[in-house]
Amino acid sequence: QVRLVESGGGLVQPGGSLRLSCAGSGRSFNTYNMAWFRQTPGKEREFVAAMGSSESTSRYTNSVKGRFTISRDNAKNAVYLQMSDLKPEDTAVYYCNAGGAGTFAGNFWGQGTQVTVSS
């Protein structure tokens, strides 16, 4: 069982940056594939980025490649999403996820954190 808590969302102007954090609990945290998803009202939750347990593999949805970076610190049971050059279309609730594979979500979700990109 893994409990996930996101933080770091907020309001930022276009072109700005934010860093999301996800704190996990559970002794097996370092064995899980970790990912970020996002959702806007009326749309399905979509994959943003993922990183394998070994930290050697990561993948991104095309719209964020070159702007977002996922990282993890297994010693701290944490995963991060550094977001740069933010655009209004990045506005969404961002969710941390554990236990999936590749771009597919696992069973464990955080409560979400709102990111709003607006001038």
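Strand β9 is joined by two bridges to strand β10 (residues 108-109), and the two run antiparallel. In β10, Phe108 is the bridge partner of Ala98. The structure discussed here is a predicted model.

**Pairing of strand β9**

Strand β9 also pairs with β4 and β11. Six bridges connect β4 and β9 in an antiparallel arrangement, and within this pairing Trp36 stands opposite Cys96 of β9. Three bridges connect β9 and β11, again antiparallel; here Tyr94 stands opposite Thr113 of β11. The table collects these pairings.

| Strands | Bridges | Direction |
|---|---|---|
| β9 and β10 | two bridges | antiparallel |
| β4 and β9 | six bridges | antiparallel |
| β9 and β11 | three bridges | antiparallel |

Six of the seven residues of β9 are buried, so this strand is largely enclosed by the rest of the structure.

**The disulfide**

A search of the whole structure finds one disulfide. Cys22 and Cys96 form this link, with an S to S distance of 2.1 Å. The pair links distant parts of the chain: Cys22 belongs to strand β3 (residues 18-25) and Cys96 to strand β9 (residues 92-98), 74 residues apart. The angle about the S-S bond is -85°, and the link of Cys22 and Cys96 is left-handed. Both Cys22 and Cys96 are buried.

**The nonpolar core**

The largest nonpolar core holds 27 residues, of which Leu4, Trp36, Leu81, Met83 and Tyr94 touch the most other members. Two or more residues come from each of β3, β4 (34-39), β5 (46-51), β7 (68-73), β8 (78-83), β9 and β11 (113-117). Strand β9 gives the largest share of this core, four residues.

Lys87 is located in the loop between β8 and β9. Not counting residues up to four places away in sequence, Lys87 touches Arg67 and Val117. Thr69 and Lys87 are 18 residues apart in sequence, and their C-alpha atoms are 15 Å apart in space.

Methods
Residues are numbered from 1 along each chain as its sequence is written. This is a predicted model: local features need pLDDT of at least 70, side-chain atom pairs count only at pLDDT 80 or more; totals for chains, interfaces and linings use all residues. Side-chain values use heavy atoms; hydrogens and water are left out. A disulfide is a pair of cysteine sulfur atoms within 2.5 Å. Buried means under 20% relative accessible area, exposed over 50%, partly exposed in between (1.4 Å probe, protein chains only). A nonpolar core is a set of buried Ala, Val, Leu, Ile, Met, Phe, Trp, Tyr and Cys residues joined through side-chain atoms within 4.5 Å. Contact means heavy atoms within 4.5 Å. Two strands pair if DSSP finds at least two bridges between them.
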